[in-house]
Amino acid sequence: MTGKFPEGFLWGGAVAANQIEGGFGFGGKGISTADVATAGAVDKKREYTDGIVEGIYYPSHEAIDFYHRYKEDIKLLSEMGFKCFRTSIAWSRIFPKGDEAVPNEEGLQFYDAVFDECLKYNIEPVVTISHYEMPYHLVTQYGAWRNRKLIAFYINFCKVIFERYQNKVKYWMTFNEINVIAYQSFIAAGIKLETGERKEEVIYQAAHHQFIASAKAVALGHEINPDFKIGCMLLYPLTYPMTCNPEDVLLANEAMNKNYYFSDVQVRGAYPNFMKKYFERNNINITMEAGDAEILKQGTVDYVGFSYYMSLVASSDKEKGGDAAGGNMVRGGANPYLETSEWGWQIDSVGLRIALNNLYDRYQIPLFIVENGLGAIDKVEEDGSIQDDYRIEYLRHHIMEMKKAVIIDGVELMGYTPWGCIDLISAGTGEMKKRYGFVYVDKDNAGNGSLKRYKKKSFHWYQKVIASNGEDL
Ligand code: BG6
């Protein structure tokens with residue numbers, strides 16, 4: 001294969017504030033929805049308690065203590081040659097309750113320091129505005145994203161951070177994996193569904209609020225700094241038909257449409273017909289205000305950010321479909337051609353090339369792979385080394401397919417930020433032992449450990465990948 005990744009390709013890594021920072025109770029931070037999430041496991045769901053309950057271990061409260069160790073961590077990322085670093089801003093550090101008029105200066109200063117540290121090493125910050133957390137007060141007081149008032153609070157938050165960091169941050173994303181609201185409504189939107197509620201109506205109404213908030217944020221961001229690149233962020237659960245039975249193909253298409261619905265609205269600025277018809281058929285009524293259609297049109301995104309970890313299968317045969325295979329926030333049918341990770345996620349590097357082609361064909365705007373990676377158990381050898389060849393294999397194959405998509409298929413790709421570049425708390429399970437990083441953090445599931453950082457074998461490998469702009473894999 002001849003050809004290279006474009007000059008300026010954004011190699012880096014990704015994390016989220018609530019999964020790394022800790023710093024609970026520091027710097028005037030308020031309680032967030034992530035702060036009430038307990039620890040779970042592959043077979044034990046995380047719970048979301050009503051407020052903080054004494055005696056319960058909450059993994060986000062300390063996480064990997066990036067709040068106090070960001071200098072050391074960013075230095076390590078710079079050693080790998082990172083061109084960019086994707087993180088998020090904890091809304092509850094800036095507005096502890098979410099509905100205040102005046103932001104918390106100490107919280108703003110923390111991100112000033114983090115972004116300055118990145119820029120010192122020529123690392124471009126890529127910022128997710130809302131990554132699976134929001135001030136908990138917005139849940140108890142307003143019902144979170146059920147309530148249209150959230151749009152104003154979110155925009156207030158955006159205005160403050162856009163203005164404050166306009167000369168430090170160029171790349172933004174409005175909501176992490178916005179489609180996850182349909183699968184995990186508390187994580188994505190602070191919504192606990194009550195028994196007897198019309199689930200879909202609640203969810204799609206909340207999604208509408210997020211769409212309007214996102215569109216308004218894009219318009220506002222461009223007004224504040226026309227150089228801003230503001231993207232959407234979609235979880236991409238590539239779904240294959242189990243067979244060439246047209247019924248299976250149709251099912252797989254339908255499964256994907258439920259996800260494309262979110263990016264369609266954010267990229268094209270209007271609801272797709274298949275979803276309007278779905279709402280009609282199922283008697284789902286979304287309350288929209290006059291002017292909403294215009295807001296969506298005016299606030300389309302500059303690029304599509306997406307996460308890709310695995311693929312799933314849809315089958316019209318009940319026995320073969322189902323949810324045997326796991327994934328980040330979603331489940332689906334098992335694929336006999338693929339191996340799985342220790343957490344049951346199907347490893348499919350070719351699927352990444354398919355995903356890139358599908359998304360680029362559909363939208364024709366730049367793409368950004370903002371999450372990809374293998375969650376695995378790492379062993380620290382006696383000499384302190386971590387031989388994570390399985391992670392290198394996973395990433396190598398995915399990068400090879402990404403390269404084919406760019407060089408052979410002509411997909412416009414801005415960058416690649418593998419997930420959890422430094423070990424962090426798993427969003428799905430709250431575990432620490434599910435590790436994605438190039439950097440190992442000494443901490444276990446119960447919260448014990450020195451928090452010391454160690455370079456894994458993959459650290460040195462990824463360093464070479466970046467230095468050679470993806471040539472030396
Ligand atoms: C994505 C999320 O869905 O998957 C991340 O954006 C999350 O926050 C990642 O950590 C991996 O999932 P998990 O459950 O292994 O942490």
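This is a predicted model: local features need pLDDT of at least 70, side-chain atom pairs count only at pLDDT 80 or more; totals for chains, interfaces and linings use all residues.
Me: Let's start with α4. How many residues does helix α4 have, and what length does it reach?
Reply: Helix α4 covers residues 105–120, which is 16 residues. From first C-alpha to last it reaches 22 Å, close to the 22 Å expected at 1.5 Å a residue.

Me: Which residues of α4 are buried?
Reply: A residue counts as buried if 20 or more other C-beta atoms lie within 10 Å of its own. In α4 the buried ones are Gly 107, Phe 110, Tyr 111, Val 114, Phe 115 and Cys 118. They cover an arc of only 125 degrees around the axis, so they sit on the same side of α4.

Me: What do the buried residues of α4 pack against?
Reply: Their partners are α2 (66–79), β2 (84–88), α3 (91–94), β3 (124–130) and α6 (149–165). The face turned away from the buried side carries exposed Glu 105, Ala 113, Asp 116 and Lys 120. Just after α4, Asn 122 takes a positive phi of about 60 degrees.

Me: On to the ligand. How many residues surround the ligand?
Reply: There are 17 residues around the ligand, and the closest are Asn 328, Gly 375, Ser 426, Ala 427 and Gly 428. Sorted by class, this shell has six nonpolar, eight polar and three charged residues.

Me: Why does Asp 292 count as partly exposed?
Reply: The class follows from a neighbour count: exposed means 12 or fewer, buried means 20 or more, and partly exposed lies in between. Asp 292, in helix α11 (residues 292–298), is partly exposed because it has 16 C-beta neighbours inside 10 Å.

Technical notes
Residues are numbered from 1 along each chain as its sequence is written. Helices (H or I, at least four residues) and strands (E, at least two) are DSSP runs, numbered from the N terminus. The expected span of a helix is 1.5 Å times one less than its number of residues. The arc is that of the directions from the helix axis to the C-beta atoms. Two residues are in contact if their C-beta atoms, placed from the backbone, lie within 7 Å. A residue is near a molecule or strand if its C-beta atom, placed from the backbone, lies within 6 Å of it. Ala, Val, Leu, Ile, Met, Phe, Trp, Tyr, Cys and Pro count as nonpolar, Asp, Glu, Lys and Arg as charged, and the others, Gly among them, as polar.
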